[in-house]
Amino acid sequence: MTYDVVVAGGGHNGLVAAAYLAKAGRRVLVLERYDHVGGLAISARPFPGVDVRLSRYSYLVSLLPGAIVRDLGLDLELRRRRYASYTPKGDTGLLVDNGDELRTAASFRGVTGDEADLRAWKRFYNMVSQVAETLAPTLLHPLRQEAEIERLVGPEAWRDLFAQPIGETVDQYFGDDTVRGVVLTDALIGTFADPATDLLANRCFLYHVIGNGTGEWNVPVGGMGAVSGALEAAARSAGAEIRTGAEIVGISPSGEVTFRTDDGEHTVNGRHVLVNLPPAVLDRVMGRTPEEPEGAQLKVNMVLSRLPRLKDTSVDPRAAFSGTFHINEGRDQLATAYAQAARGEIPGLPPAEVYCHSLTDPSILGPELRGKAETMTLFGLHMPARLFRKNPEKARKMALDATFASMNAVLAEPIQDCLLTAADGTPCVEVKTPVDLEQDAGLPGGHIFHTDLSWPYADAGGWGVETEHERILLCGAGARRGGGVSGIGGHNAAMALLTP
């Protein structure tokens, strides 16, 4: 059977591509190996007897352009968070309150002793905001050349965010170690790099601050499953055919796609094949030797019976945990953890951050749990896959124990005392290492971006989705300007086919 387009992989990018192409009248088939679509943008109930829809892997939305939401008519609500972040420091902490500039200023004075870093913060993020406003619209168009992007953002921003390591830039702007760390965490999400020397950290930083021209990370009402659900509905209503339980085992340059189901192997043909798989997986199914990437994060999903108490009694825990709560992520702490992980050691005081989805969107809690429980998502930095290869179970436990100890060091009580107990008597804690993501989700190296992030420009032009084979295009996070829950890779692959 022949289709205009076969989409290999039903993650959110594949659904975006399918919806655009089907709306344009193309005959589209989406093949997904799991019994559901959505990839890592899903909700799940991992704890027995606990009615909570957790965003199991990805959990916030920033990079999904409003244009895609409007084009596809997505029934989706993204809710803004009042508090950007809270970072404990001793018995006080740095609270960045989007709704109260005076409170934020007072918090800076309490942590740093003066307002020098507050002034630097405003100057730095004013520059970042201007870059976001400039870059975000370009992500849905053919790639600009490097020189053009340099001209668009201006010499200061180019130097500070593109040309020199982001660690140097942060050190030049800010004097306080805590403030430096808050800024640098955006350069290290899912990325194992030294921000003092490695421009990979710059690329990670850019993708975390330019979303929709604002860089705001918003809460998807109903959880991440609501994002994929809306995209699936758009693709199906446009006429795309979606087949689950179909694992891709072969793709040929001519557009022949072989997939395996419970009843054997099958083959279809596509005039074009859009690949929503990691590049390393594409290499394997095409019979090539892949270059294996390495992810670097620890994901811990929790359900709490109550929020933990803070050492800083002036801050309501509901405020602290509804934004990003930074744990031992000072500049020097990040550097120490990186050095330990690079030596093959689980960091002694793992840097991490948490937030509680249910504080902004209680709809993910079952009716009997609302007001009686909260969800908590933890994302740990500098946890590369190499740490978990030799003995995955032992390393997972060591990483969790160290991370809980790190968290408890900044709280007024152990987080373990706040965990809800599931129906089987176990605490509501789920841990995912890069090796777990490799095994459970098929991500080589557990890399959440499929491969290392790329600059959002290229002198070769194109849409950033092209491969050496004319009929095969990337449409997932591995495309240039891919990574994160954005739909940009799917949109751009569709536009590469629809735009003369």
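**Side chains, then strands**

Author: Cys356 has a relative accessible area of 0%, so this residue counts as buried (under 20% is buried, over 50% exposed, and partly exposed lies in between, with a 1.4 Å probe and protein chains only). The model is predicted, so local features need pLDDT of at least 70 and side-chain atom pairs count only at pLDDT 80 or more, while totals for chains, interfaces and linings use all residues. Residues are numbered from 1 along each chain as its sequence is written, and side-chain values use heavy atoms, leaving out hydrogens and water.

A disulfide is a covalent bond between the sulfur atoms of two cysteines; here the test is a pair of cysteine sulfur atoms within 2.5 Å. Searching the whole structure gives 0 disulfides. For Cys356, the nearest cysteine sulfur belongs to Cys418 and is 10 Å away. Cys428 is in no disulfide either, with the sulfur of Cys418 nearest at 13 Å. Cys428 is buried, at 0% relative accessible area.

Next come the rings. Rings of Phe, Tyr and Trp (its six-membered ring) pair if their centres lie within 6.5 Å; planes under 30 degrees apart are stacked, over 60 edge-to-face, and the rest tilted. That rule gives 18 aromatic pairs. One of them joins Phe124 and Tyr125 edge-to-face, with 5.0 Å from centre to centre and 90° between the planes. Phe124 is buried because its relative accessibility is 0%, whereas Tyr125, at 22%, is partly exposed. Trp455 and Tyr457 form a stacked pair, because their planes are at 15° and their centres 5.8 Å apart; both residues are buried. A cluster linked by ring pairs includes Phe108, Trp121, Phe124 and Tyr125.

Charges also sit over rings (NZ of Lys or CZ of Arg within 6 Å of the ring centre and within 35 degrees of the ring normal). Arg203 lies over the face of Trp455, 5.6 Å from the ring centre. The charged end of Arg81 is placed over the ring of Tyr355, at 5.4 Å from its centre.

Last, the strands. Strands are DSSP runs of E, at least two residues, numbered from the N terminus, and two of them pair if DSSP finds at least two bridges between them. An open sheet of mixed pairing has 7 strands in the order β7-β6-β14-β15-β16-β13-β17. Because β7 (92–97) and β17 (429–432) each have a single partner strand, they stand at the edges with one side left without a neighbour in the sheet. Within the sheet, β13 (residues 296–304) and β16 (residues 374–384) run antiparallel and are joined by 8 bridges. Ala296 has Pro384 as its bridge partner in β16.

Conventions: Helices (H or I, at least four residues) and strands (E, at least two) are DSSP runs, numbered from the N terminus.
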